[in-house]
Amino acid sequence: MSSNPEGGAPAVRWSPANPHPLSQLKTELVWEGKYDEYGRRREIDPAALAMPMQRIETVDEPRQRAEAQGELDLFEKSVAGRKRDAFRNRLIWGDNKLVLASLLKEFKGRIDLIYIDPPFDVGADFTMDVPIGDGKETVEKDQSILEHVAYTDTWGKNTDSYLHMMYERLTLMKELLSEKGSIFVHVDWHVCHFVRCLLDQVFFPENFLNEIVWYYYNKLHDSRKKLLPRAHDVILRYSKVQGAHTHNAPKEKRDEPVKKLKYKKVDGQIQNIIGPDGKAVTYISEDRTVDDVWRIRCLQPANIEETLGFSTQKPEDFLERIVRMGSNEGDLVADFFCGSGTTGAVAERLGRRWIMADLGRFAIHTSRKRLIELQRKLHEEKQPYRAFDVHNLGRYERQWWQKDRLKGAEEEHRRVVLEFFKAEPLAGAPSPLLHGRKAGAFCYVDAIDGLFTRQEARAVASAVAQAGGREVYCLAWEFEMELRQHCLALEAELGVRMKLIPIPREIMEKNRKSPPPFLEMALLEAEPVVSGPKGQRTVEVKLTKFLPSLAEVPGKELEALKERAVRSGFDFIDFWAVDFDWQPNQPFHHDWQDYRTRKDRSLKTVSDAVHTYAKPGTHTICVKVVDVFGCDTSTTLEVRV
Ligand SMILES: C[S@@+](CC[C@H](N)C(=O)[O-])C[C@H]1O[C@@H](n2cnc3c(N)ncnc32)[C@H](O)[C@@H]1O
């Protein structure tokens, strides 16, 4: 050590015996959030993140219809010899960090191929145009706040938060991969250099397999820019276990035969034949093994036969190459950023099992519709396919929020809800059911794990009437079916207008300050129609009224749309389905459905006469409508046959 000439602490003399720490650093990608304040690596705790999943729908169509019409034998015969297993594919709505952690218990080491296409453009968001009615008009769908939250989590601190988000997910995905599994991570020039380092860290460099360049040669370019048009993405492939991964080498036709020199062995040495005999070269024309540059077209917005309203939708032929290459029939394929559901659609067609997740409601709705349509097509072609279920983490997300942030206190929950709703809490209220006031109306906040029922609605309306009020906002996480119709009757009886407002999930966002929109719930009315010859117990369902909630319409368009929503609410229906034998607390079973596609904008408002009850009696029918924004509303009907 030498003394500092300026008289401060003695300067350190670095030397081979006392090396400077920087001289000893190994290559490592560091981002903000990777280490904690004590310099320790922040590890993920899957057990703390895992939560039970809720199965909300089962889709088995048109098998169900075949069953109802006694066609099942025919259908079963058509798939005989290629018997499917009982596995039910899964479409999961929720943040994939929680989804991945929750899948570990059942699927650790069981997924054979993962393809992910995470968002990688900081400027991109979830806003999109969705067609309404006959499709002549479109309306801008705002990003839901949940999507906004994910977006901020991903890009809030630019590359740092993106890398941390990816690091956590990749670590969990590795746990899910099977020994023969591999992962394909789709990125572009924005982040591919960083993600390659991340993957090296999580999967190790020796498991790196390929850096595939997808050259989408048909993209239209802006020639005014002072750079070469960007026309490729990069797909990074890593195996879970070195050399153990499934690899079915893809082949393709050669553009033209390749000229190759002939060789011969002379004294153990290879020499090419040169000579006057004219046989020195051969022509190779058989299929070639595909290399790591893939020339595959991309989807253009004008290509309405294939596009589903997702600007990032990938072509099926591109995914087909990945799925065929990295898996075999019956293998389990997953995509945790599934968007429009391309991976699941391809996996289904190729006889693979699949799991997909996305946090966008619109993405889940688009994927569900796409997979139902595919099931129908495969059914018509007498090809086998599997049933699938739709799951979510919604209810559990709320319980987690309650435990983690609200520390279990119901009063705190009420306070937070009223604050976001911009209502005044009511101290010394005339009834324990009156929690707040907003612009002359009372407010009632239902319990965090509650379902707002008819009995509660009646009790609240009576309390409001007794306190001399005429209007009440009922804020709840969940409402009993048909409650809106029931409240209209209460209004007539007690003279109290009841506004049913679903509490937006978005208020659970960490550090959220600005209130998300609180909009009245959609109104759906339908009636059963007993059709067909007497005594046959065949029932159809007729939609009679729909008023969408418009929760995801940007403010500037809201007024114009409100008017249209009242005038022609059916224009806002994108999809509807019927469960003819609905049971409380059971997933919704898709017995029948109809939907608009980008090509065919028509929609039936009466279901086909597909359902015949085996036994006479009273049955409960549940009708579910999904609007063009991907939000769903249900109602139940009783039918006596
Ligand atoms: C580029 S798109 C995928 C497109 C898809 N490959 C296709 O062919 O349609 C990315 C998707 O990731 C979803 N996403 C973003 N962050 C997510 C998260 N944390 N959890 C689940 N999904 C997420 C978005 O909602 C979006 O649908």
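**Ligand site and surface features of the predicted model**

In the ligand site, the side chain of Thr342 places an N or O atom 2.6 Å from an oxygen atom of the ligand, a polar contact being a pair of N or O atoms within 3.5 Å. The structure is a predicted model, in which local features need pLDDT of at least 70 and side-chain atom pairs count only at pLDDT 80 or more, whereas totals for chains, interfaces and linings use all residues. Residues are numbered from 1 along each chain as its sequence is written, and side-chain values use heavy atoms, with hydrogens and water left out.

An N or O atom of the Asn96 backbone lies 2.9 Å from a ligand nitrogen atom, and a polar backbone atom of Leu359 is 3.3 Å from a nitrogen atom of the ligand.

On the surface, Leu261, Tyr263, Ile270, Val281 and Tyr283 form a nonpolar patch with about 520 Å² of accessible area together. Tyr283 belongs to strand β13 (residues 281-284), strands being DSSP runs (E) of at least two residues and helices runs (H or I) of at least four.

Two non-glycine residues adopt positive phi values. Lys382, with a phi of about 55°, is located in the loop between α10 (361-380) and β18 (388-392). For Arg537, phi is about 60°, and the residue is found in the loop between β24 (523-531) and β25 (538-547).

Notes: Polar contact = N/O pair within 3.5 Å; in protein donor to acceptor, adjacent residues only side chain to side chain. Patch = residues over 30% accessible without salt bridge, like charges linked within 9 Å, V, L, I, M, F, W, Y side chains within 5 Å. Areas by Shrake-Rupley, 256 points an atom, 1.4 Å probe, with all protein chains shown as cover. Salt bridge = Lys/Arg side-chain N within 4 Å of Asp/Glu carboxyl O.
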